[in-house]
Amino acid sequence: MLVEQWSFRPKRTERERSGVVSARTSVGFVTGLPSSKTTTRTPTTTLMAPRAVDDRSGAAELERVSSLFPLTYPVPSPITHKGLVPTDDIVLEQELLRNPDNIRTWMSYISHVEETNFRKRPMPDQGLSSASVRMLGFLSDETLRLALQRIVSLYERALAVFPSSYKLWHRYLSARARFVLGDPIDGAEGRRHRLLQSAQHALEMGPSMLELRRSEEAQEKWEFSLDGTLGWKEWRSLAAAYERALQQLPTMPRLWLDYLTLFVHPACPPTFSKTHARRTFDRALRTLPPSLHLHIWRWYLRWAEICGSEVAQRVWCRYLRIDSSLSEPYVAMLLEMPEHLRIADGHANNIDGSIARHDEDEKDDDDDDSLTPVQERRVLEAAKRMLGLARSAWTGEYTSPNGKSPYQLLLDWLELAERFPESIGLPPDEETQLPMRHPDDKLPDSETNVLDRTLLPVRQIVERDGLARFPDQAGRLWTGLATYYIKRGDFDTAWDTFEQGMKTVLTVRDFTQIFDAYAETSENVISLMMEELEDDEDDEANDNTDTKDRAQQEAEIDRRMQDFEALMERRPFLVNDVLLRRNQDDVQEWEKRVTLWGDNDEMVIATYKNALETINPRKATANLHQFYIHFAQFYEDGGSLGRTDPSAVERDVAAARQIFERAVKVPFKRVDDLAEVWCSWAEMEVRNGHYDEALRVMSRATSPPSSHTKIQQISYYDDSLAPQSRLFKSLKLWAFYTDLEEALGTLESAKHAFDRILELKIANAQTMINFAMFLEEQEYYEDAFKVYERGVELFTYPVAFELWNVYLSKFVHRYGGNKLERARDLFEQALDKCPANLCKPLFLKYGELEERYGLVRKAMSIYERATRAVVDEDRYEMYLYYIAKAAANYGLVATRPIYEAAIEVLPDRDAASMCLRFATLEQKLGETERARAIYGHASQFCNPKTQPEFWKVWNAFEIEHGTEDTFRDMLRIKRSVQAQYNTDMANMATTVLGSANRAPSTAAPSVSDPMAMIEAQQTAKSARTGVPSFVAASATSRPATVASSHPEKLGTDNDIDDDDDLL
């Protein structure tokens, strides 16, 4: 007979050897709740703490159940257990006696015993309560208990013969563990399938290992398990069997993994699920090769999570030395870990009630300041590890498996500091005594060393690691730092933090975040103080409250209310400060700040001065010159009061002049901005009646710089020069100066100003026209005409055309026919270089001049020149104008040569229109034959499909004036023209497009496909006439049946019939 070669059990008392259970545990057994009142060395069958209940039936049942164990120790044998070998198995026993060294015989016998004795669902013994059945699992069935003994006996006998057979050991341990561990909900085959699938995947370090383990745990739930407290002896025997297997086969990883899974089973006894389990995990790591260590570590870490306390910290720290990617889960585990050591899988039925309630209170009150020393150490360690991860991620030494950026890791640390301010941060008085830290200073190791219990300087860390590195997230960082001080109860420092944050952020988003948190916190504090004051008032009758303290509370509330109101009033100014910090050269924001001060003249002036000292003109946004102008207008109006009531205050023009004097020296980006300042200065002088001063200002502005000897070489568009050096070439400035001279100056001064513009070569056409009109107003007509002549010499077409147009109109209006030859010379000069697209108005003016003051024959020749000189688009209209003038001056007969010439040179469409006009003329003159000939000539330009109007007019003419023969000639010409256009593919496409535009079909093909449209048109025509007029390419191989020998027969018979109907 085999006996256990290894026994995991401490010394036991005589009562334990006899299996007798103390009477004080009887009540606990009946309730079905296991007890946690066990020691780490001496296991007992105590189930739970005794209760004051006297239940003799429960004690009797406990005696009965306890007497069932142990079942497999000592190892059952036929000598000690009479029914161990049934009569049916004697033949197999005899076979083993004959072949004891044949493993197949042993395996066949074992398979037979397992198949005939094991059932998937137990049938509990009669008399057992539901609690007893639930705790016994498979062993609540007497048949299965006997099956366990038979299987253990048989396997032990086989292993005595084959002690090194892996197959035998694996089957033995799996079969024996099934009675103790129970079955997974999806069955043993389902668990085996999951194990095979997990073995196929390559296990990697990091979160993938935890995800794989968690997915397996989510699928693996047990039923019919043996309670670890009641059946601890069977659990111990199972562990002893695994130990003996590992002694024989120490390098088999599957045996190690199956053994280690016992320690994370929900029903594992607390006796050997702690120290023995830890030592077993360590032995597995020492025994197996490093390539298999990850398989050990995933269960080792799970076991550490179940245990919690100091054990979990040490195990996780060991793993983090080789793989730091799980630092974030470790930090989360530290915060969720209970203070006391847990047993088994942390389920409620395996934890003492008081400890469980204590852990729940910890979860509910984990934000309180009253943490135990152990919890404070864990929180500090978590904070230091998180800070170390954030700094390592910033330097690139660490990459978060969850995809978190360095900022997100730092934010997690900050949230942890907000949650546990007392346990993480230094007191404010100690933190203020620390020396200032510069960005280049080396970071102290104590801030990330988990073994160092020194608290962290939260403010310095936020400023150096947060605000210096992530300025775009300043709002959240400042808010978090203020929240940290609020949690510590240091409200004054929190308010200072909010204020400092609002004065340093650069974006409106960050400011809004800080301001909203500041306002909400202030409001909550005021509400809390008011509630406390109300409570004191309610208790005043029962308690002699000091009136002085109450007055102080009311004063404090009033002060905070005033601060809150002041904060809300300051919001527009604070937002403006943020925008100006982002860009101190933003002129529009400075204008808004001036507007915010309203009627406060002192602050308005201070804002203007501060802005002008701060803004860099080269970097300023648009309208910096307007800022100076508005500042000067503020003094000119006499301040805000002067704007509302001008008669109430005196204008300060002298101060405004000083502002303008300062503004004209500013190097603006554009010369136009500087010119605008000078013009505004002059306008101010005019508004105040200082006309001479205004002219003196503009004269000063238009003076060339004395530092440049070659003024003509200065380019207005040369940005390398200062605007003051290029200002004298500003046309805008000169235009205002000339207007001012025209209104306030003398004739000579105005002429001098215009001459200066011409000398500087900055004049444009409008300047020349203004100069000439000014001289005309002064009745200096010849001088005005000279200005026009200078202008046409300076400018080329098309600018010169506008000058010629005005000049000639003014000259003709002034002199009429008195200076006809001079006028003709001017027109000839204007037409000499005039492009074709601009000469038409000049020819018309020229012809009109000759008609009114010269010779008609000369006018007709001018119109004839115009028909040749203008562009093609204007030639038709020019001929019409020429014909109208010829008919008015010489009669209708004189227009015949003009019509003939027009028909020769005009394009086809315009020639057809001209022919219609010509035929109408001949018809009026009674020349029908000439009109018919004109129609015949024009027919070659008119496609009957696209220009049916022409043929209708000719048809009406023949009906009214023709004969049958002339009508048939018209029809013959029409058919020939149609045939001519049908043979030209371009004309055919044009015809089809024109027809489609006139009468669109419901199923018309796309215009982008001309061939498809042609085919559709011909198909429709064939359907109407019955005779195909378009032959497909496939039909060209067939011989023609009808040959056309006369061109007049190209049309269809139906066309002829239709034409004959017109007779």
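Does Asp692 count as buried or exposed, and at what relative accessibility?

1. The structure under review is a predicted model. Asp692 counts as exposed because its relative accessibility is 57%, and the cut-off for that term is over 50%.

2. The aromatic residues deserve a separate point. A pair of aromatic rings is described by two quantities, the distance of the centres and the angle of the planes. The model holds 52 aromatic pairs.

3. Phe498 is part of helix H24 (residues 491-504), while Tyr518 is part of helix H25 (residues 508-538), so their pair ties together parts that are 20 residues apart in sequence. Phe498 is buried, at 1% relative accessibility. Tyr518 is buried too, with a relative accessible area of 9%. Both terms follow because buried means under 20% relative accessible area.

4. One aromatic cluster is formed by Tyr242, Tyr259, Phe263, Phe272, Phe281, Trp297, Tyr300, Trp303 and Tyr319.

5. Charged side chains also meet aromatic rings. Arg571 places its charged end over the ring of Phe515, at 5.1 Å from the ring centre. Over the face of Tyr781 lies Arg814, 3.9 Å from the centre of the ring.

Note on methods: Residues numbered from 1 in each chain as written. Predicted model: local features only at pLDDT ≥ 70, side-chain atom pairs only at ≥ 80, totals over all residues. Heavy atoms only, no water. Buried < 20%, exposed > 50% of the residue type's maximum accessible area, 1.4 Å probe, protein only. Phe/Tyr/Trp six-rings, centres within 6.5 Å; stacked < 30°, edge-to-face > 60°. Helix = DSSP H or I, 4+ residues; strand = E, 2+ residues; numbered from the N terminus. Lys NZ or Arg CZ within 6 Å of the ring centre and 35° of its normal.
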